[in-house]
Amino acid sequence: MKLETIDYRAPDSAERFVKSLHETGFGVLSNHPIKQALVETIYQEWYAFFNSEEKQAYLFKPETQDGFFPASVSETAKGNSVKDIKEYFHVYPWGRIPDSLRDNILEYYQQANHFAAELLGWIEQYSPADVAEKYSIQLSEMISNSQKTLLRILHYPPMQGDEELGAIRAAAHEDINLITVLPAANEPGLQVKNKQGEWVDVPSDFGNIIINIGDMLQEASGGYFPSTSHRVINPQGADKTKSRISLPLFLHPNPEVVLSERHTADSYLMERLRELGVI
C-alpha cells in the first residue's frame, strides 16, 4: 500500500479521497483551501510559546481539559506503558488561549472546521447506500456548532538522548473522534499501519493536508471506514535536533448524536477516556 496524494481541485477528488479512506483509513489532499501562510505562522508562534515559560501559566484544568499539558503528563497510548515524548496545548473556542496567539489559532480552527464539514459531505456522498443509511443524521450535521471539537497543538521536542527506553514521539494509536484533519507537520515521521501489519510513511510534503478516520466514524459506518493505527516515529541523524509542531483537529460530534445502536457520541467518548485513564 502506498498512500497517494489527491489534488483537491481534480474533478474526481471526492470519489478518490473517500476510496482511500475506505481502503486505508487515511486520505491526503494537496491544493486544498486552508491557507498555508496561516499554518506556517501558527507553527512559528506556537514554537516560540512552547520554548517560553509563559506556557506554565496555562496549565490544563482536569475538569475542562483545556490549556497546556506538559511532557510529564503526556498520554500513554492504549496498550503501552511508556509515555509519548511530547507536550501539547488544547484549544477550544471557549477555553483559555494566550491573547497574542488567539486570533490566528481561532481563524485556523474555523477554517479547518468548515473544511471538515465539506469532507464529511464527500464521505456521505460516496458511502455505499447500506452504509449511508446507518448514519442517524447527516455527517456534517453531527459536528455542527460542536463544543467538543478539539484543536491540539503538539510540540515534539528535540531528542536529548536520555529518553526512556521504548519511548517514541507518539506510540501507535487510533483516534476516538469522527475524522481528524492534520496539516503536514514541519517535520516528517507520521506512519500508518496497513492491512498487512506493515508501517507505511504518510506523504508529509509541506502544504498537504492529511485526514484520517476515527473510532466514532468506524462505529457509525458499521466498520466500513476503518480507524487505522498510526504513530509518529523518532527522527534519525541530524533531524534529532529538530522540534516538530503538529496541528491535529479532532472533529467530535455533539454529545447527543447517535452513532449506533450501542452508543451516543458522549457514551462512546466516556468509555474511551476511561480506557485511557484520562477520567
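Figure 1. The model shown is predicted. The chain has 279 residues, and 51% of them count as buried. Its accessible surface comes to about 12800 Å², with carbon and sulfur atoms making up 49% of that area. Among contacts with a separation of 6 or more, 75% are between residues 24 or more positions apart.

**Figure 2. Helix α1 packs against helix α3.** Two packed helices are described by the angle between their axes and by the distance between those axes. Here α1 covers residues 13-24 and α3 covers residues 99-125. The angle is about 80° and the axes lie 9 Å apart. Angles of 65 to 115 degrees count as roughly perpendicular, so α1 is roughly perpendicular to α3. On the α1 side, the contact is made by Ser13, Ala14, Phe17, Val18 and Leu21. On the α3 side, Leu119, Trp122 and Ile123 take part. Sorted by class, the residues of this contact are 7 nonpolar, 1 polar and no charged.

**Figure 3. The largest nonpolar core has 59 residues.** The members that touch the most others are Trp46, Ile123, Ile179 and Leu217. Helix α3 gives the most to this core, with 11 residues. A second, separate core consists of 15 residues, including Leu3, Phe69, Leu182 and Val202.

**Figure 4. The surroundings of Ile123.** Leaving aside residues up to four places away in sequence, Ile123 touches Val18, Leu21, Tyr135, Leu139, Ile179, Leu217 and Phe225. Of these, Val18 and Leu21 are also among the α1 residues that make the contact with α3. Ile179 and Leu217 are listed with Ile123 among the core members that touch the most others.

Methods:
Residues are numbered from 1 along each chain as its sequence is written. This is a predicted model: local features need pLDDT of at least 70, side-chain atom pairs count only at pLDDT 80 or more; totals for chains, interfaces and linings use all residues. Side-chain values use heavy atoms; hydrogens and water are left out. Axes are lines fitted to C-alpha atoms, for helices over the stretch in contact, and angles run from 0 to 180 degrees between N-to-C directions. Helices (H or I, at least four residues) and strands (E, at least two) are DSSP runs, numbered from the N terminus. Angles under 35 degrees count as roughly parallel, over 145 as roughly antiparallel, 65 to 115 as roughly perpendicular and the rest as oblique. Contact means heavy atoms within 4.5 Å. Ala, Val, Leu, Ile, Met, Phe, Trp, Tyr, Cys and Pro count as nonpolar, Asp, Glu, Lys and Arg as charged, and the others, Gly among them, as polar. Buried means under 20% relative accessible area, exposed over 50%, partly exposed in between (1.4 Å probe, protein chains only). Accessible areas come from the Shrake-Rupley method with a 1.4 Å probe; for residues, only the protein chains shown count as cover. A nonpolar core is a set of buried Ala, Val, Leu, Ile, Met, Phe, Trp, Tyr and Cys residues joined through side-chain atoms within 4.5 Å.
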